[in-house]
Structures are given as C-alpha cells and as structure tokens.
Amino acid sequence: MSIDLLNQTLYEKPSTVKEYICTQKYLWIEEKTIFEKYEQHIKDKAILDVGCGGGRTAIALSELTPNYTGIDYSLEMVKACQKWHSSLNFLHGDASDMHMFDAESFDFIIFSFNGIDCMSHEKRIKTLEEIYRVLKSGGIFAFSSHNLDDRKIVTAFNKYDIKRPRSLVKNVLNVMSYLKVRKYQIHADTYEILSDPLAGFGHLTYYIRKQEQVKQLVNVGFQNIAILNRQAQFVDVDSLDRDSEWLHYICQKPMSKANVKSRCQ
Ligand SMILES: C[S@@+](CC[C@H](N)C(=O)[O-])C[C@H]1O[C@@H](n2cnc3c(N)ncnc32)[C@H](O)[C@@H]1O
C-alpha cells in the first residue's frame, strides 16, 4: 500500500462520497474572492475542475461558463456527479496523467479543498507539471494546500486529545486508524505528510510552508503567484501565517511570445 493508493481507496468509499455530495455545498470566502478577482479568466472560458469530488465547485463554476469539465480519480465521485449534475461534463482520470486533454486546453484550472494534498510528493510534482501542460499560456491555476506553519496543525494526530468528549468506541477507532497509517507519515525538510481526521485519521495529508510551495510552482514554470490566507486576505510570501490551516495559491502560466506580441500590436 502507498500513500496514493491509501487515500484514493478512501475517496472511493460510499461514506466519503456521501459526505462530499451531501455536506459540502458552499463556496469558501477565498474561492469567492478568487472567482471575483480572476473573473476575466473564468467567465465563458474553458475551465477544468481537478479533483471535483461531489461537485461543490461545479455548481458555481458552471454558472460562470458553459465550458466546464470536472475530473476526479474516484470513479464513485464521478458517478455521483454525473447523477446529480447530469448536464455537466465529468470525467474519470488522474490529475498526474491527463492524457485525454491536449496541451493548452484550459483557461482556468482549479484543484479545490486541498485535493493536491492527497498525494505523495513525487505525484504532486507530476500533477503540477501536468496542470501546467494542459493550461493555456496566460491561463490561471488556483488551489489550496495545508500550511506547515499553522500554529495548531489541528488536524494532525500528534495533537489528538484523547480526553476530549467522544465515545470510547470513536477514540478506539481513531487510534486504530492512526496506527494503521502512521508508518506512511513523512517528515521531510520541505514538507510533511501527516495523518488527519478525515476517515478518523485514516487519511494522509501533505503540509508545506508557503515559501516551499512557491518554489515548487516556480520550478514548474508558473509566475505571478498570489497567496490568500483563510480570511481571504492577500499575504506576502515571506509573512508567517500561523493562523491559517491552509492557504490558497493562484498562479499563471506565462504568456507565449506570440500572445505577448499580438497584445502589443
Ligand atoms: C478533499 S476532496 C475535495 C473535493 C472537491 N474539490 C470539493 O472542494 O469539495 C479531494 C478530491 O480530490 C480527488 N483527488 C485527489 N487526488 C486526485 C488525483 N490525483 N486525480 C484526480 N482527483 C484526485 C479526490 O478523489 C477527492 O474527490
């Protein structure tokens, strides 16, 4: 079993699908801010919703454009989306290998709700490269990711308080899940992969510091990187965000030389 397989298996489970279909309905304030600020890249444009889950962002995005595509590696999530949002286009596929799309296909790509944190480090880098490939020159990529500088890292098991009021059964199940996945935790120099409460600590989540995330994006080729904290305020790359469990990143694929030239004429 690998981190990737472990998390993917979780997203195929009927209970996880039900949770995403039924309880995840509203846009976050950061997402509203992004959709407003980058509207010119979204309105009536080709949009790819990576890791679309139960279709939470599909509803809002498809109101902005008729050209919406959602993709998820969980077949059960895709089937649920096809059932509940039958007029929209949903495909089954892995973000790290989107061979079904030509290069430069989309104007705006989103990977919401920390979906990119479900992967191993190697797969994350491949996914960023793949997103870069299918994004048009000048296009925008927005996503969120867990913040390793968060003072609480509330989600991690090392902060789990066994004395908090919960049933004994729940505590025992959480500890058992944690013991099953803890050998997959990684404490690297630039990121950590930690057990978190999704599925009672059976999920592994990637945490990264803002400066390192920016380096990953720059290495892939992205530019014009903006960062939003949990209050939807734009923050500087060097500030210390101790109170944001995750951060939103917005970045741009550089314009092709041809585009820049035609804009100047
Ligand atoms: C935390 S859920 C978020 C769902 C949805 N985006 C939302 O905001 O409610 C993460 C989603 O990303 C999907 N996912 C994770 N890794 C993926 C990958 N490599 N390719 C495609 N989908 C992936 C999972 O199946 C899951 O549906």
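Which residue does the side chain of K79 meet in a salt bridge? In this predicted model, the partner is E76, and the N to O distance between the two side chains is 3.4 Å.

## Salt bridges within a helix

K79 and E76 both belong to helix α6, where they stand three residues apart and are therefore separated by about one helical turn. K79 has a relative accessible area of 44%, so this residue counts as partly exposed, and E76, at 32% relative accessibility, is also classed as partly exposed.

R133 is partly exposed at 28% relative accessibility, whereas E130 is buried, with a relative accessible area of 11%.

## A salt bridge across the sequence

The count of salt bridges comes to 11, and one of them joins the side chains of E30 and R230 at 2.9 Å, N to O. Because E30 lies in helix α3 (residues 29-37) and R230 in the loop between β9 (223-228) and β10 (234-235), the pair ties together parts that are 200 residues apart in sequence. E30 is buried, with a relative accessible area of 0%, while R230 is partly exposed at 25%.

## A buried charge without a salt bridge

D196, which is found in strand β7 (residues 191-196), is buried yet has no salt bridge, and the nearest side chain of opposite charge, that of R124, is 12 Å away.

In helix α2 (residues 14-22), the buried residues are T16, V17, Y20 and I21. They lie on the same side of α2, because they cover an arc of only 130° around the axis. These buried residues pack against α1 (3-12) and α6 (75-84), whereas the face turned away from the buried side carries the exposed residues P14 and K18.

## The surroundings of A58

A58 sits in helix α5 (residues 56-64) and counts as buried, since its relative accessibility is 0%. Apart from its neighbours within four places in sequence, A58 is in contact with D49, Y68, L88 and F90. The C-alpha atoms of A58 and C81 are separated by 9.0 Å, although these two residues are 23 residues apart along the chain.

Definitions and conventions: Residues are numbered from 1 along each chain as its sequence is written. This is a predicted model: local features need pLDDT of at least 70, side-chain atom pairs count only at pLDDT 80 or more; totals for chains, interfaces and linings use all residues. Side-chain values use heavy atoms; hydrogens and water are left out. Helices (H or I, at least four residues) and strands (E, at least two) are DSSP runs, numbered from the N terminus. Buried means under 20% relative accessible area, exposed over 50%, partly exposed in between (1.4 Å probe, protein chains only). Lys and Arg count as positive and Asp and Glu as negative; His and the chain ends are not counted. A salt bridge is a side-chain nitrogen of Lys or Arg within 4 Å of a carboxyl oxygen of Asp or Glu. The arc is that of the directions from the helix axis to the C-beta atoms. Contact means heavy atoms within 4.5 Å.
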